[in-house]
Amino acid sequence: MFLTLATLLTLAAPDFTAKDMHSLKRIADPQISPDGMWVLYQQTSIDLGKSRNTDLFLVSATGGGAPRAITSNPKTDAQGRFSKDGARIAFLSTRDGASQVYVLDLNGGEARQVTPVAGRQQFPLGHRRQAGGDLGRASGLCRCGLRRLH
C-alpha cells in the first residue's frame, strides 16, 4: 500500500514526446582554447518540420558569464577549432552552398572563406587522422592544403 517516491514522481511526470526531444538544443564538439580560458562548442536547434541550424558559441572555461554566439548564419557553422595562438577560429560552413572552411578573427570582423572548393567536399576538422592532417592539428593544414592559421 505504500507508494515509493519514485512511483509518485513517475505518476506525476508528463510524457516526454518526440516533439519535446526536438525542441532541445543540442550541444556538441567542445574545444578548449590554447590558453585554457575559453570553451568553443556547436549548438544545434531544430524547428520541427521547418529547419535545422548549427552555430558556434564561446563560453568562459571558469564558468563566468553567459555563452556568446560567434556565428549566427541560418546555414550550418560547425566543427570550430582554435588557431594555435587562440586569436582565430576555423570552422566548416554551408553558408554558400557546399561545405567550406571559414576563419573568424575573435577580435572582430566577419568570417572569411578560405577554401575555394566547388561542389560537395568533406573537410575534416575533428580528431580523425586523414591524409594532409586537419586544422585542429599542429600542422594547421586540411586536405586541401590550406595554409597555417598561426
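In this predicted model, Arg 95 lies over the face of Tyr 102, 4.9 Å from the centre of the ring. The ring of Tyr 102 also takes part in an aromatic pair with Phe 91, to which the discussion returns below.

A pair of aromatic rings is described by the distance of the centres and the angle of the planes. Tyr 41 belongs to strand β2 (residues 38-47) and Phe 57 to strand β3 (residues 51-60), so the pair ties together parts that are 16 residues apart in sequence. Tyr 41 and Phe 57 are both buried.

Phe 91 and Tyr 102 likewise form a stacked aromatic pair, with 5.9 Å from centre to centre and 20 degrees between the planes. Because Phe 91 lies in strand β6 (residues 88-93) and Tyr 102 in strand β7 (residues 100-105), this pair ties together parts that are 11 residues apart in sequence. Phe 91 is buried, as is Tyr 102.

Strands β2 and β3, which carry Tyr 41 and Phe 57, belong to an open sheet of four strands in the order β1-β2-β3-β4, with antiparallel pairing. Its edge strands are β1 (26-32) and β4 (68-69), each of which pairs on one side only. Between β1 and β2, which run antiparallel, there are five bridges. Gln 31 has Leu 40 as its bridge partner in β2.

Note on methods: Residues numbered from 1 in each chain as written. Predicted model: local features only at pLDDT ≥ 70, side-chain atom pairs only at ≥ 80, totals over all residues. Heavy atoms only, no water. Helix = DSSP H or I, 4+ residues; strand = E, 2+ residues; numbered from the N terminus. Buried < 20%, exposed > 50% of the residue type's maximum accessible area, 1.4 Å probe, protein only. Phe/Tyr/Trp six-rings, centres within 6.5 Å; stacked < 30°, edge-to-face > 60°. Lys NZ or Arg CZ within 6 Å of the ring centre and 35° of its normal. Pairing = 2+ DSSP bridges.
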